[in-house]
Every structure is written in structure tokens, then in C-alpha cells.
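Subject: Structure handover

Hello,

Please find the structure below, followed by notes on what was found in it.

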Amino acid sequence: MSTDTFLSGLTRRGRGQIPMLVTSVLLVVMFAAGSVSYDGFLSGQVLLNLLIDNAFLLVVAVGMTFVILTGGIDLSVGAMVALSTMISAWLVQLHGWPPLLVIPLVLAIGTGAGLAMGWVIHTFEIQPFIVTLAGMFLARGLCYTISIDSISITDPTYTSMAQTRIPLGELFISPSVLIAVLAVVVAFVALHYTRFGRNVYALGGSEQSSVLMGLPVARTKIGVYGVSGFCSALGGVLMTFYMLSGYGLHAVGLELDAIAAVVIGGTLLTGGSGYLLGTVLGVLVLGLIQTVISFQGTLSSWWTRIVIGALLFVFILLQRLLTSRRRS
Amino acid sequence: MTGHRLFWPAVVLIALLLANLAFTPDFFAIRVRDGHLYGSLIDILHFGSPLILVALGMTLVIATGGIDLSVGSTVAIAAALACLHISESDDPGSLGTVLTAVAIALGVALLLGAANGVLVARIGVQPIIATLILMVAGRGVAQLITDGQIITVTSEPFKLIGGGYWLTVPFSILLAAAVVLLASMLTRRTALGLLLESVGGNPVASRLVGIRAAGLIGLVYVVSALCAALAGLMISSNVSAADGNNAGLWIELDAILAVVVGGTSLNGGRFSLGGTVLGALVIQTLSTTVYTIGIPPETTLVFKAVVVITVCLVQSPVFRAKAARRRSGARHGNRPVASKKLEVGA
């Protein structure tokens, strides 16, 4: 390899990481600004609370990263989270099923639904957007056929998961954080160190080339929706730990937060380029916006949505800038 | 006959209407009371008018191969602006106040649509993402305008837009009909429709033959936003209030559904305004049916999901090819189908 191609390869690689770098800087600046402006902001627990409050979003966004890396999109995740909370609450609370049976069942249902959507997308060549939209309608509708009202959970397993504090020196985290971090680690290894992960990137780069190279396109494409389905079901389980209830209106708009986290984390929406850890940073940015707004006190919650929208705008422009330069 | 593109949407609509007859025997009855038309059919048209408008704009966007997710937020913003202006004015009942309110709502919608158009046509962001920004931020903006409250207004001229009657017919029906008529004249009596389909079919080729693709794409997002704003005015006028959180919630999905049911392909390149109107009426009838039969309204979503999937499967060339092969009984094993290149009339 000549020095020239090596250098251009290096800058190209570096350019792909620019959005993630920007996100890291943004995170540090936001945290610094918060620490200067508000008393009690500068503490490890505030950072850990970010994870505690956003564990389910983190897991869902991890699944979404896989789908977006292949150039697809999954709009059903928020509804799948809601359906998972609903099924859990219904079976545990109203039918007395043991949680150890219900949780694997919910995960299986989520994975199955994801695989089914992936199968329809691949087999019939229908846009992912419309298939997952139908999945979203179906899942939300099923929530309401179970019950229109919220079902609260009083099962001891769930309440202990909600209340347990795992000490970390003087600070603490919840069991959900451990599960979410484990999910991130597993996804990171799967995406960056396995054949499946490389196929995901290849498929996002060019489906046609992947077919010609003999990669298992069908398995990969259906697989990422399965991963996303599993992650949203797991997100739903974590949400039942957090909310201690099942409700058809849980996680409304979560799909948008997940997409926003992936984009802010620097993953290209056209697929093929991005990092899982970028998504983690993206989730932390979204969580920090909420924290700042709650510390501010005078700002209303709808500012969160406006700020997220503005951030999305900036990062998408940044992506366009970087990709168009790369092409020319 | 079955080959006509409006055939299947019409069949579905008629079947749905007839199904209602089984539950409500006087479903088709239309009465005149106090000089106003009443009846289930009128209700469907009346409550379906905002959806028809939004779906109309969406059809033009989809014809160019795009999608507009921000219409729901635009509905909420337009409703919030209009109601805020009327509620803060000294004379809420005057025609001038209402006209100013309508102008403000439409003007802001014009800007929002133009912003979407610039993002898609000039900067080259995927339509679903470009409009996602406004979809996320727009609801926040709407709540900012209403200060998180539900603004109620009492204004006779404003009430007319969505809840009033004119010549015994609900005004919203007339308004929607006028817009549909105008749009179909512009797209079918002039070359505009053809140009839109050309851009949707292949933007690069269109640009090379001298069609201003960017301008046309920008235009459809503006039209879509204006239609959404008009729908927002209708919705808020009908309930005499603006709710930043719930006005137009999920209407973008219903609109996309209406377009798809109407036979317009999501891939762009062809569209049918008549199909969209039929599609919107199918969805409104579906909602009405669910209400009248007494199923919890929230479960409408399940029916909608089934409709979306069925319609998409029927539209999918691969599905058609597979179904046709099965019907003819000829088994070709796993021979790959070059389906993306198959042109199948929708």
C-alpha cells in the first residue's frame, strides 16, 4: 500500500468519525454548561441517572442501529415496547404467570414479530417504512385489545427489580442499567467482530454488491429486524421494571427518539456507516437534554422535542456535508 | 372493468358501506333538519374532509417519490396559531380577525413546507428524514404556541370552516371538494401532473430533459403543508379549540394509508387523486364503522394494520408474480424473479 492511498484511507476513516466526535464534544459541553449553571448538576449520580432513566431507550436504539446500518428503518419499536409492557402486565398481574416464564415469552414474541416484518420486507420487496408502520399499528392496536387502561404490576420480582440499588462506591445504579450495558456489549461484539456484523455493513453499503459477493443477504436483512424486535421487547421488559405497569400509551414516539439517537450518534441513514458506541453517545445526549430542562425548572417539557428536532437538523446537515464531500 | 385503477378502492368502500347497513338499517338515510343535511354518509364526508385534504397533499409528495411525515405537526401548528390569534384579538367574532388568523396559519405553513422542500430538493436529504425533523420538533412548537394548554375560541366565522353549514351542506365538505377539484384540474388539465410523475419516475432523467425537478419537488412539499394547515383549521374549528398535543396526531399515517389504499405506489412516478379521495373515505368509513358497531375505537389500529399489509402485498409485484404462478399451477422451483424491473399497472 502506497503512503498516498494509506493517507486518503485514513482521512476517509477519520471523516466517518467526525459526527461521533462532534457528539462527544457536545456531550462534554452540555455537561460542563449544566455544571456551571446549576447546583448539584456536577455529580456522578446525575450521570448514572442518565443511564437509569434511559436504559430502555438505550436498548431500543441499539437494535435500531442494526436496522439503520442496513439502510432500513423500524418504526414499530415504540409500539413493540408498549406491547411488551402490556403482555407482561396482563400475564403476570391478571393471570398470575411467573415472571421467569413471561419475560422469555415476551422476548420471543418481540423477536418473532421482528423476523416476520423482516421476512415480508425481504420477500415481497416492500419498503421497510411501510411494513414497520403496519407493525406499529398492529402492536398498538393489540395493546388496546388487551386493555384500554393501564395495568399496574405489583409482582414482587418486578418491584424488586425496580427498587434494587446496586451500589457503585457512594453512587448506585439499577439492575436495568446492567442489562442495558450487557446488551450494548453483546451488540458491539456482534456488530464489529462477527461475520453477521460485517454482512450488516456490507448490505448497507450496497445490497446489489452484497448479492453479487454471495453474502447471505436474506438472512442478514431479516436478522436485523429480528435483532431490533428482540431489543424493543427487551426495552419493554426494562420499561416494566421502570414504570411497574403495562399501558398502550407507553413509549409513544420512542421510535423517533431511537432514530434521533442513532443519527446524532453519527450513523448514516443511508446505511453502511456508523458505530454502535455513537448510538450510546446519542442516547446520553438525549437524556442530558431532558436533565438540563428538568434542572432549569422554568423550561417546559416540550422544549425537549424542539431541541431534539434542532439537533437532528444540525446532524443531518453535517452528514450531508461529509458524504457529499466524500463522493466528489 | 376490474382493470380500472379506481375499481378496487371503490369496491372496498362500497363493501364497507354495505356492511354498515347490517348494523344500522337507516345508514344510508339522509335527512334535512333546520335546513341542514344530516345522516351517516354526510358525517363520513364531514369528518373525513381534513383527512382528504392531508391525503391530497401527501399524494402529490408521494408522486415525486417522497413522503411527508410532518403533516400532523403542521396541522397542530396551524390550528394553534389560528386559535391563538382569535382568542387574543379584541373582536373574536369579526370576519377580519378570522381571515387574519387563516392567513397567519397558511403563511406559516407555507414557510414550513418550503423548509421541507429545501431540505429535500436542494440539500438532498431523504424525504422521510427531512420531514421527520419537523414531525419531532413541530409538536413541541405547537405546544409552545398554546403554552401547553388547550386554547378554546368562540367565533362564528371561524366555526364555519369546520363545523358550519353553507347551502345546507357542511362547509368543510365544500371546501375539501373545491381543493380536490382545483388540484385535479391543475394536475390533469395542465402538464403539471405529468411533470410530477416524471420527476417521481426518475428525477435525474427529468432534470436532463429540462424539467426543473428541484422546483417541482419543493412545490409539492409547500402544497402538502398548505393542505395540512387547511385541515388543521377545519379540525380546530370543528371543536372550537386547539390542542397542540393531540390535534392531527397520527394523521400522517392515515394520510399515507389513504394514498396507498387509493392505488398510488409509494415508489412514486404515478398517482391518482380520485383514488386518494376514495382511500380517505375508506379509512373514515372504517373508523365510523368501528364506532357504530361498538368496538373500542382504539382497536381501529388493528384493522388499519391489516388493511395496510393487504394493500401493500397486493401492490407488490413480487407477491403478484408469486400468486399468479401458483394460480397457473406452473412450478418453476426457485427461479429468481427480476421483479424490480417488472412494470405492473397499479
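Buried area here is the accessible area (1.4 Å probe) that two parts lose on being put together, summed over both. This is a predicted model, in which local features need pLDDT of at least 70, side-chain atom pairs count only at pLDDT 80 or more, and totals for chains, interfaces and linings use all residues. Residues are numbered from 1 along each chain as its sequence is written, chains are lettered from A and ligands numbered from 1 in the order in which they are written, and side-chain values use heavy atoms, with hydrogens and water left out.

Interface

Between chain A and chain B about 3700 Å² is buried, and carbon and sulfur atoms give 83% of that area. Chain A brings 33 residues to the contact and chain B 44 residues, where contact means heavy atoms within 4.5 Å. On the chain A side, the residues that lose the most area to chain B are A:F124, A:F137 and A:W302, together 20% of what that side buries. The number of salt bridges between chain A and chain B is zero; a salt bridge is a side-chain nitrogen of Lys or Arg within 4 Å of a carboxyl oxygen of Asp or Glu.

Salt bridges

Over all chains, the whole structure has four salt bridges. One of them joins the side chains of A:K221 and A:E207, at 3.2 Å from N to O. A:K221 sits in helix α10 (residues 217-243) of chain A and A:E207 in helix α9 (residues 207-212) of chain A, so the pair ties together parts 14 residues apart in sequence. Helices are DSSP runs (H or I, at least four residues), numbered from the N terminus.

Helix packing

Axes are lines fitted to C-alpha atoms, for helices over the stretch in contact, and angles run from 0 to 180 degrees between N-to-C directions.

In chain A, the axes of helix α2 (residues 44-69) and helix α12 (residues 276-296) come within 8 Å and cross at roughly 140°. That makes α2(A) oblique to α12(A) (under 35 degrees counts as roughly parallel, over 145 as roughly antiparallel, 65 to 115 as roughly perpendicular and the rest as oblique). The crossing of α2(A) and α12(A) is right-handed, meaning that the near helix is turned clockwise from the far one by less than a right angle. Residues making the contact include A:L50, A:N54 and A:L57 of α2(A) and A:V280, A:V283 and A:G287 of α12(A). Ala, Val, Leu, Ile, Met, Phe, Trp, Tyr, Cys and Pro count as nonpolar, Asp, Glu, Lys and Arg as charged, and the others, Gly among them, as polar.

In chain B, helix α2 (residues 40-63) and helix α12 (residues 273-293) pack at an angle of about 140°, with axes 8 Å apart. α2(B) is therefore oblique to α12(B), and their crossing is right-handed. Among the residues in contact are B:F47, B:G48 and B:L51 of α2(B) and B:V277, B:A280 and B:Q284 of α12(B). The contact of α2(B) with α12(B) divides into 13 nonpolar, six polar and no charged residues.

Regards

Notes. Helices (H or I, at least four residues) and strands (E, at least two) are DSSP runs, numbered from the N terminus.
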